[in-house]
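Here is a short report on one protein model. Look through the sequence and the structure, then read on.

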Amino acid sequence: MVSQARKSELLFSGSDWNFAKLSRVYDEIEALGTEELGLDIYPVQMEVISSEQMLDAYSSVGMPLMYRHWSFGKRFLYDEFLYRKGARGLAYELVINSNPCIVYLMEENTMALQALVTAHAALGHNHFFKNNHLFRQWTDAGGILSYLDFAKGYIARCEERHGLAAVEAILDSAHALMEQGVFRYHRPPKLSSEQQREGLRERLEYEERSFNDLWRTLPPSQGKSKPEAGDEILAERKKSLKLPEENLLYFLEKNSLVLEPWQREIVRIVRVIAQYFYPQRQTQVMNEGCATFVHYTIMNTLFDRGRIGEGAMLEILRNHSNVVFQPSYDDPRYSGINPYALGLDMMQDIQRISTAPTAEDRDWFPDIAGRGDWRDTLLDAWANHRDESFIRQYLSPALIRKWRLFALADGADEPHYEVASIHNERGYARIRSALAQSYDIGASRPDIQVVDVDLLGDRHLRLQHKVKDGVMLEGQSRDATLRHIRNLWGYEVSLAAIDAGTGATLSERWTKEL
């Protein structure tokens, strides 16, 4: 039995929730997160939604405002079918990377579960969105909602003016290229006309200072041949178009000669949305790990301080265990590494290394072992790493043993797998490197670039796919995507597969062959 005095100290009792309880719990959780963990968050806007609204949010890639497209309806029907049949549950919450940070809570949640997901989303994800360098570089949290509102209205007006079929055709082609419609690296800012003039003046002054007429009298070098006129033209053409270009949607938006202004704007809208989601694809382990570590730490602290009852804490731990459950490789439920589980284990391992290191930890992590400042280490990691670099730097031998990780060598010409790395010093380093590499989307996504086009000639758009480890594009998907590129470009398109190691041409596909 819980005493009356103890019961009055609890933030809530029972499973029913109301907005007063939600507000009281959020205030307590926010104070703990900012004071105890040092979290820095956007203002929070919490909304309670039904299961039907959650399914709708699923279909529109989790955004509260989205234009219409048939693929969203298809996704809605698919998710609804699985949910009604009991084959799939719904997320307890949904969080938007925006300022203010919008958190959707399911109305079916109990009060204990509302407290858990509030700490998870409103504190954990919120802090990660605001502070991680990838999100700071590539997303505008303060402007994304107003941009989506503009995009939704603009596309609706295009549908009224140009017809549903015409708009849908552009969206279909743009959506097919979303994976290849992002910038992976920041470009230098465009120089103003004044800066360009200043650069030209400095170059001319340098040439005047360094000019020496004696160089004109030297015989031409025997080893170097004069560049052909065609090579010079090609080089100048590539320079003017800034080729090679990795962002296909950007290149088509800026250079296609068949797109009308409204079509270019639709391509731009899809490109901006693709870029907005680009950091999330690189930080799933870190993002979910951060949110899970935050909710686990805060909930346990509240329980230790007598602010959450034992019954509520048991429910919280049961839901937490479901989230971080990692099936073994031979379990029918296995579908890969659970990012919640791996992220939480790595962050708790950093906490252990900082406070109670072993001799092995001191050898592998001399900068953080035994220093006790695990909060600063985690805050620094959350701000400055993505999944690949985080795993490469912080995955410990102790965690490799706990997860029973090992590396397999799978040669195409070998009939059997070979266990290439085991639990020894050299094996730990290789396992960590191999796991980190699997989270590098630059290595796992196809490297396809625009390499040449003659806008004043036949306008043939030449693409190049750099093939790594002999992995070619799947034929049917490749041909369908080439047709979409052809629709946006308006002229002949070809894709050459080039071996990344040797530079040899492995195959070439033209749209006229499709």
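## Ground rules

Helices (H or I, at least four residues) and strands (E, at least two) are DSSP runs, numbered from the N terminus. This is a predicted model: local features need pLDDT of at least 70, side-chain atom pairs need pLDDT 80 or more, and totals for chains, interfaces and linings use all residues. Residues are numbered from 1 along each chain as its sequence is written, and side-chain values use heavy atoms, without hydrogens and water.

## Around Gln-180

Gln-180 sits in the loop between helix 8 (164-176) and helix 9 (193-210). Its relative accessibility is 9%, so Gln-180 counts as buried (buried means under 20% relative accessible area, exposed over 50%, partly exposed in between, with a 1.4 Å probe and protein chains only).

Which residues does Gln-180 touch? Leaving out residues up to four places away in sequence, they are Glu-246, Asn-247, Leu-248, Leu-249, Pro-446 and Ile-448. Contact means heavy atoms within 4.5 Å.

## The sheet

Strands of a sheet pair through backbone hydrogen bonds, either parallel or antiparallel. Here, four strands form an open sheet in the order 6-7-8-9, with mixed pairing. Two strands pair if DSSP finds at least two bridges between them. Strand 6 (447-452) and strand 9 (505-510) are the edge strands, and each pairs on one side only.

Strand 8 (residues 493-499) pairs with strand 9 in the antiparallel sense, over five bridges. Ser-494 has Trp-510 of strand 9 as its bridge partner.

## Cysteines

Cys-101 is buried, at a relative accessible area of 0%. Cys-290 also counts as buried, at 0% relative accessibility.
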